[in-house]
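Biologist: I'm new to this one. Could you walk me through how to read it, one feature at a time?

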Amino acid sequence: MTAWLLEFTMPDEPEAPELPEPPPGVTIRPFRAGDEHAAHRLIEDAFAAWQPRRMPYEEWARHTVDRPTFASAMSPLAFADGQLIGAVMALDLHDTGEGHLEQLAVRSDHRNRGVARLMLCHAFRAFHRQGRRTCTLWTHSDTGALTLCLRVGMTVRRSSTVFRKVLTAGA
C-alpha cells in the first residue's frame with residue numbers, strides 16, 4: 001500500500017471549480033452543530049470498503065469534531081434532497097499555518113459526479129480566506145482518491161509504501 005501526503009498551494013484565492021454549477025439537486029454548506037452523527041455515519045459507510053473496522057462515534061469525534069483544531073467553517077457538506085451525501089472534515093493547524101483535510105467522503109451512489117471536487121474547492125477557498133496558503137490531505141492506494149486530488153491541482157508532498165509478506169510457521 002502506498003500513502004501520499006498531498007498539498008494544494010494557494011498564493012491566490014482558488015478559482016471556482018470547472019463545473020458550471022453543482023450537480024443537479026446538490027447543495028453545499030459548511031458543517032454546523034448537529035451535523036456530527038450524520039457526518040460520522042456517512043464517512044464510516046464510505047470508508048467501509050478499505051477501513052479494517054468501523055470506528056465508534058466517540059472515537060471518530062476525538063479525531064475530528066472534538067479536536068480543538070476542527071474547522072467547521074472550512075468543512076463543507078454536500079446535500080441532495082435534504083440528505084447528506086458528502087463531507088469534508090477539516091482541521092486548521094495553527095502551528096503549521098496550514099489547513100488539513102482530515103477526511104473526504106462521498107456516498108457511493110453520488111460518486112463520480114463532481115461532488116468531491118466541488119467540496120474540495122469550497123474547503124480550499126474557505127482556508128484561503130482565513131489566511132492559509134496551503135491545504136493538505138493524506139490518502140492511500142486503497143481509496144482511489146489520488147487521481148481526483150491530482151485533477152483538482154493537488155501535488156504529492158511525500159509518499160511512503162508499505163510492503164507486507166505473510167509468514168507461515170516452519171517456512
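This is a predicted model: local features need pLDDT of at least 70, side-chain atom pairs count only at pLDDT 80 or more; totals for chains, interfaces and linings use all residues.

Biologist: What volume does the largest pocket have, and what classes of residue line it?

Modeller: The volume is about 970 Å³. As for the lining, 17 residues are nonpolar, 13 are polar and seven are charged.

Biologist: F47 came up at the pocket centre. Where does F47 sit, buried or exposed?

Modeller: Here's the general idea for helices first. An α-helix has 3.6 residues a turn, so residues three or four places apart point the same way. Now the case here: in helix 1, F47 is buried, along with A39, H40, L42, I43, E44 and A46. Their cover includes helix 2 (57-63), strand 4 (83-93) and strand 5 (98-106).

Biologist: How far does helix 1 reach?

Modeller: Helix 1 runs over residues 36-47, which is twelve residues, and spans 16 Å from first C-alpha to last. That is close to the 16 Å expected at 1.5 Å a residue.

Biologist: Now the aromatic rings. How many aromatic pairs are there?

Modeller: To read a pair, check that the ring centres lie within 6.5 Å, then look at the angle between the planes: under 30 degrees is stacked, over 60 is edge-to-face. By this rule there are three aromatic pairs. Take F8 and F124: their ring centres are 4.0 Å apart and their planes sit at 5 degrees, so the pair is stacked. This pair links distant parts of the chain, with F8 in strand 1 and F124 in helix 3, 116 residues apart. Both F8 and F124 are buried.

Biologist: And what about F31 and F70, how do their rings meet?

Modeller: The centres are 5.1 Å apart and the planes at 85 degrees, so F31 and F70 are edge-to-face. F31 is in the loop between strand 2 (26-30) and helix 1, and F70 in the loop between helix 2 and strand 3 (76-80), so the pair ties together parts 39 residues apart in sequence.

Biologist: Why does F70 count as buried?

Modeller: Buried means under 20% relative accessible area. F70 is at 14%, so F70 counts as buried, and F31 is buried too, at 7%.

Terms used
Residues are numbered from 1 along each chain as its sequence is written. Side-chain values use heavy atoms; hydrogens and water are left out. Helices (H or I, at least four residues) and strands (E, at least two) are DSSP runs, numbered from the N terminus. The expected span of a helix is 1.5 Å times one less than its number of residues. Buried means under 20% relative accessible area, exposed over 50%, partly exposed in between (1.4 Å probe, protein chains only). Contact means heavy atoms within 4.5 Å. On a 1 Å grid over the protein atoms alone, a cavity is a set of points where a 1.4 Å probe fits but cannot get out, and a pocket is an open set with protein on both sides within 12 Å along at least five of seven lines; lining residues have an atom within 4 Å of a point. Grid points are joined across faces, edges and corners, and a volume is the space filled by probe spheres set on the points. Ala, Val, Leu, Ile, Met, Phe, Trp, Tyr, Cys and Pro count as nonpolar, Asp, Glu, Lys and Arg as charged, and the others, Gly among them, as polar. Rings of Phe, Tyr and Trp (its six-membered ring) pair if their centres lie within 6.5 Å; planes under 30 degrees apart count as stacked, over 60 as edge-to-face and the rest as tilted.
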